[in-house]
Amino acid sequence: MEAEQKHLTGLYDRLDGMRALAEQRLSGALEATGGTPQARSQRESSVGMYTEQLGQLSAVESGLCFGRLDPESGAPLYIGRIGIFDEEGDYEPLLLDWRAPASRPFYLATAADPLGIRRRRHIRSKGRTVVALDDEVLDLVRAVLGLLLLAAGTTLSVLISDLAADAADDAAFFVMLSLCVGVGLLGPFVLRATIAVARPLLALAGGTGRLAADTVAVLSRSLSGALVPLVLAVAFAGVKVGFHTTTAHLAGPGPATEVWLDYAGTAVYCVFAAVAAVNTLATVVVGRRRDLALLGLAGATRGRVLAVVVCEAGIVTVTGLVLAAGVAGVTLMPIVHTALGTWIPYVPPATLAVGVLATAGVVAAGTVLPAALLTRRRPIEAVG
């Protein structure tokens, strides 16, 4: 803790120096008068540039440095909101910008593919003081527990397929619970894996897609907190709807009152889970309000900023749907096997489309909507 505090103090000293230099240059540009039209135009350009630079330097005051990478060989690398270099030495990086290629192992390295990184450290600070350190040996324990829970849920699904229909239905709850908790533990890994697979596709959207991919990878730990309620809601609805539609497809519809009561209870449960997912996603977006404003200060239009958030929402939606489909399938197959004698559930395409749209709507309500509200303010006001 003491060593990290010393380094953080040095970073803030350097930040103060950069800010003072920018203020000095801005003051000089403002005090300059007269000259040719070209000189006045250059002076106005300088005033705009130094004003923007001061805004950016002020915006990173909170949470300047949030991470450290310990490579298998070489000196530690500190990750933060901007890049800071040692201008008195060999221009060595004191702090890497989180968007720089060298920073990518901080959010892409996994236990299976450590990318040459031995340890990843999360640094939490309050003001200019380090308050907590969280070391990861690439989340090995978390990954092991998540895989064990997935294996346990899958194994239980196979075992209950030989039980009576009522017993299998009761035990299916534990299958879903085990799988959803396992998904939650593996959430950061799954999101990073999704980015790795989808990055060529996202690259087709140009800089917008690439920035969205990098942002989701950086925020994978925070966003994974929304995956558990999201997957639980979609998977639970999928199991309930899938059982009734499969029953109606193979044996004819059941009693209407019983079916609709089951749907009503499912809807209430899913609403609560969806609200939890929206709250988690919205909290992540609100915490990024300065970063969104910085995109505006860097020249991005409001539409471009929202396009990045829409891409991020798409990544989360697709990840949640794939995971929920897996959880629902593993949970539902033994139920329909014991009750109806088939391993293949049936869900009408129109019902699947409604589920996809509803999931996308939940994710958009927690990401695009708050981002649209936050970006209504002028960027300079948001970072002030």
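Mentor: Start with His122. His122 is buried, at a relative accessible area of 19%. Buried stands for under 20% relative accessible area, exposed for over 50%, and partly exposed for what lies in between, with a 1.4 Å probe and protein chains only. This is a predicted model, in which local features need pLDDT of at least 70 and side-chain atom pairs count only at pLDDT 80 or more, while totals for chains, interfaces and linings use all residues. Residues are numbered from 1 along each chain as its sequence is written, and side-chain values use heavy atoms, with hydrogens and water left out.

Now the surroundings. His122 belongs to strand β5, residues 117-126. Strands (E, at least two residues) and helices (H or I, at least four) are DSSP runs, numbered from the N terminus. Leaving aside residues up to four places away in sequence, His122 touches Phe66, Phe106, Ala132, Leu133, Asp134, Glu136 and Arg221. Contact here means heavy atoms within 4.5 Å.

Next, the sheet. Six strands make an open sheet with mixed pairing, in the order β3-β4-β2-β1-β5-β6. The edges are β3 (84-85) and β6 (129-136); each has a single partner strand, so one side of each lacks a neighbour in the sheet. Strands count as paired if DSSP finds at least two bridges between them. In a regular strand, side chains alternate between the two faces of the sheet.

Follow the order away from β5. β1 (residues 65-71) pairs with β2 (residues 77-80) in the antiparallel sense, over four bridges. Leu69 has Leu77 of β2 as its bridge partner. Cys65 has Gly80 of β2. β1 and β2 form a hairpin with five residues between them, and Gly74 in the turn has a positive phi of about 105 degrees. On to β4 (residues 93-97): β2 and β4 pair in the parallel sense, over two bridges. There, Ile79 has Leu96 of β4 as its bridge partner.

Helix α7 (residues 207-218) packs on helix α11 (residues 302-340) at an angle of about 55 degrees, with axes 8 Å apart. Axes are lines fitted to C-alpha atoms, for helices over the stretch in contact; angles run from 0 to 180 degrees between N-to-C directions. α7 and α11 are therefore oblique to each other. Under 35 degrees counts as roughly parallel, over 145 as roughly antiparallel, 65 to 115 as roughly perpendicular, and the rest as oblique. The crossing of α7 past α11 is right-handed. That means the near helix is turned clockwise from the far one by less than a right angle; anticlockwise is left-handed. The residues of this contact divide into eight nonpolar, three polar and two charged. Nonpolar covers Ala, Val, Leu, Ile, Met, Phe, Trp, Tyr, Cys and Pro; charged covers Asp, Glu, Lys and Arg; the others, Gly among them, are polar.

The second pair is helix α4 (residues 140-160) with helix α5 (residues 165-185), at about 160 degrees, axes 8 Å apart. α4 and α5 are therefore roughly antiparallel. α4 passes α5 in a left-handed crossing. Their contact residues divide into 15 nonpolar, seven polar and one charged.

Finally, the whole chain. The protein chain has 14 helices and six strands. Buried residues make up 39% of its 384 residues.
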